[in-house]
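Visitor: I would like to go through this structure one question at a time. Please show it first.

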Amino acid sequence: MRPMKNRCCRKSGRYLLICCLLGFMTTSAAGNAKAYPWWCATTVYQIYPRSFFDSSGDGIGDLQGIIEKLDYIRELGFETIWISPFFKSPQQDFGYDISDYYDIAPEYGDMATCERLIRAVHQRGMKVVFDLVMNHTSAEHPWFKDSALSAYSDRADWYVWRTGKGKNNRRPPNNWKSVLGGSAWIYHPQRKQFYYAAFLPFQPDLNYYNPQVKEAMFDVVRFWLRKGVDGFRLDMFNAIYEDSSFQDNPFCLRLIPSEENPDGFFQQYRYNLNHEKSFAFATELRAVVEEFHEPERFLVGEVFGPPATLKRFCDYQGRKGLHAVFLFQTLSVRFTAPALRALVESFEKEFPDPFIPVYAFSNHDRKRSFSRLGESMEKARLLALFQFTVRGIPFTYYGEELGMPQSNIPMRAAKDPLAQRFRWIPQFLIRWAGQSLNRDECRTPMLWNDQAHAGFCHPACTPWLPVSDCYSEINVERQKADEHSLLNFYKRILHLRRQITALQTGRMEVASHLCSTRIFAYYRSDESGKYLVILNMSNKSVKPAYSGGELLLSTHASNGAFMQPWEGRLVCFH
Ligand code: GLC
């Protein structure tokens, strides 16, 4: 017995030693593997609630409608949803004009439904990001109503008020323009002063120099975080502060602002956009959300400017600010290999790990990407392959997964206040410039099936915006049944991305030797493997100079030495 026991001991001793060694090796390997927070690796689906799904029969999408469609989003493979605002609002800017941050607009539901929505998202292992409009409120907000009463009211300086110039003080206090052009100052007859509005006149800017305003808004943030919201998309975050000197902005020769440069209308927006204090404010807001850490919450800013400036919203003098910012060059980048390469290289230069760029190709303000791509399903597939494999946080706008096109709605029929403001511009000029100033055109109802109103609402009601004519061909039901549809391509790439950590958080390296005027290629790698993404962004077949590897996915289900026009591939090298 004894020798046996000894043998056993010796054996179990060796076994233990091996286990310890293995344990040590695996923990040190895990120690090497960097742990990334959820928002770094996530994929986001943007819902414009008014247009997603109407459960109540009034022709307007609602929160219950979102709950009913959550499984659709989860099955597609998205992990996070961002919902455009659904708070109480006179809806002059369809929710971006809030009159109560603590209440839900009745057409969207009520607080109990909102809480159910948050729970329903979490039950599916997903995250939910709300839209937070901190820069301005609606002019109908009780804060503004009180502020407008007189210079002595309780909230007199909750907004940006200035006395006008000239006789009777009826000329604006300075030359600042709103981001839409035209003076940003609106005269208020009761208060006999001007208030500042960076966007539309019914959206007065809050005055963040007033600590009470800051606290009031931070309380809003805490309120929703306590309810379990996983983060916020921050509306017009680069307009939070204006310069307290109220100096005139300098003249400049630019007419149309761009994503890269918000100057325009012959003015440099030096004193009212991207102010130093707005960068610092991002760090204060970060500190507020960090009061809530299980799980970590996420802040993504809507900001405009060159990437180097925008980075300051994420990192201000070595302090942490927003987790990420939109980099809207994505909305106008040309669909060519050199243009995409230049975009990626500039984002990688300014936002190297641990920063992370955001890739969004459509949203509720801009022309839908499918139409920008000339309504080509091939190109839409290629763009999706790029978006879900490049290093970044991908944002998909509802319907983008179907190739939902931009609608064509005449300016005179527009509900969008922006279109109403620019109604005087001849339509042909706008179309000629390839633009859309009527945001209704990208906000039309989601295309669920080929039934009445594309299944968006009950057949007996009228949808708030006309349903796109293409719904009998382009809709969820039809694409689900078609193995080769864009929707099923989204599903495949999203599911691959979920399995391959290198595609989520791995290193990114441009494969220069494979790049050309036609081809853009890059590697993603981590300890799990090395992956090549190769995009033929041309209408010619090409023979790329890579060999070996295992083809995981092709936009064209092809596998030959030649890549077809507009084909993209994902190849794995173990
Ligand atoms: C942002 C929103 C836009 C809104 C504006 C004013 O740009 O994306 O839809 O109209 O801010 O809040």
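Guide: One definition before we start: a residue is called buried when its relative accessible area is under 20%, exposed when that area is over 50%, and partly exposed in between. The model here is a predicted one.

Visitor: Is Trp 38 buried or exposed?
Guide: Buried means under 20% relative accessible area. Trp 38 has a relative accessible area of 18%, so Trp 38 is buried.

Visitor: How many aromatic pairs does the structure hold?
Guide: A pair of aromatic rings is described by the distance of the centres and the angle of the planes. Rings count as a pair if their centres lie within 6.5 Å. The number of aromatic pairs in the structure is 53.

Visitor: What kind of pair do Trp 38 and Phe 298 form?
Guide: The ring centres of Trp 38 and Phe 298 are 5.9 Å apart. Planes over 60 degrees apart count as edge-to-face. The planes of these two rings stand at 75 degrees, so the pair is edge-to-face.

Visitor: How many residues apart are Trp 38 and Phe 298?
Guide: Trp 38 belongs to helix H2, residues 38–41, and Phe 298 to strand S10, residues 298–301. Phe 298 is buried, with a relative accessible area of 2%. The pair links distant parts of the chain, and the separation is 260 residues.

Visitor: Which residue has its charged end over the ring of Trp 38?
Guide: The charged end in question is 5.0 Å from the centre of the ring. A charge counts as sitting over a ring within 6 Å of the centre, if it is also within 35 degrees of the ring normal. The residue is Lys 127.

Visitor: What kind of pair do Trp 185 and Phe 246 form?
Guide: Their ring centres are 6.1 Å apart, with 50 degrees between the planes. Under 30 degrees would count as stacked and over 60 as edge-to-face, so what falls between is called tilted. The pair of Trp 185 and Phe 246 is tilted.

Visitor: How many residues apart in sequence are the parts that this pair ties together?
Guide: Trp 185 lies in strand S7, residues 185–188, while Phe 246 lies in the loop between strand S9 and helix H7. Trp 185 is buried at 5% relative accessibility, and Phe 246 is buried at 17%. The parts tied together are apart by 61 residues.

Visitor: Which residue has its charged end over the ring of Phe 246?
Guide: This charged end lies 3.9 Å from the centre of the ring. The residue is Arg 162.

Visitor: How much of the ligand's area does the protein bury?
Guide: A polar side-chain atom of His 136 lies 2.9 Å from an oxygen atom of the ligand, and one of His 364 lies 2.8 Å from a ligand oxygen. The side chain of Arg 439 has an N or O atom 2.9 Å from an oxygen of the ligand. Taken alone, the ligand exposes 310 Å², and the share of this that the protein buries is 97%.

Visitor: How many charged residues are in the shell around the ligand?
Guide: There are 13 residues around the ligand, and Asp 93, Asp 235, Glu 302, His 364 and Asp 365 come nearest. By class, the shell has 3 nonpolar and 3 polar residues. The number of charged residues is 7.

Visitor: Which residue is joined to Glu 294 by a cis peptide bond?
Guide: Omega of this bond is about 0 degrees. The residue sits in the loop between H7 and S10. It is Pro 295.

Visitor: What is omega for the peptide bond from Asp 353 to Pro 354?
Guide: Pro 354 is in the loop between helix H9 and strand S14. The bond from Asp 353 to Pro 354 is cis, with omega near 10 degrees.

Visitor: Is Lys 192 buried or exposed?
Guide: Lys 192 is in the loop between S7 and strand S8. Its phi is near 60 degrees, a positive value in a residue other than glycine. Exposed means over 50% relative accessible area. Lys 192 has 55%, so Lys 192 is exposed.

Visitor: Is Met 236 buried or exposed?
Guide: Met 236 is in the loop between S9 and H7. Phi of Met 236 is also a positive value, near 45 degrees. With a relative accessible area of 9%, Met 236 is buried.

Methods:
Residues are numbered from 1 along each chain as its sequence is written. This is a predicted model: local features need pLDDT of at least 70, side-chain atom pairs count only at pLDDT 80 or more; totals for chains, interfaces and linings use all residues. Side-chain values use heavy atoms; hydrogens and water are left out. Rings of Phe, Tyr and Trp (its six-membered ring) pair if their centres lie within 6.5 Å; planes under 30 degrees apart count as stacked, over 60 as edge-to-face and the rest as tilted. Helices (H or I, at least four residues) and strands (E, at least two) are DSSP runs, numbered from the N terminus. Buried means under 20% relative accessible area, exposed over 50%, partly exposed in between (1.4 Å probe, protein chains only). A residue is near a molecule or strand if one of its heavy atoms lies within 4 Å of it. A polar contact is a pair of N or O atoms within 3.5 Å; within protein, one must be able to donate a hydrogen and the other to accept it, and residues adjacent in sequence count only if both atoms are side-chain atoms. Accessible areas come from the Shrake-Rupley method with a 1.4 Å probe; for residues, only the protein chains shown count as cover. Ala, Val, Leu, Ile, Met, Phe, Trp, Tyr, Cys and Pro count as nonpolar, Asp, Glu, Lys and Arg as charged, and the others, Gly among them, as polar.
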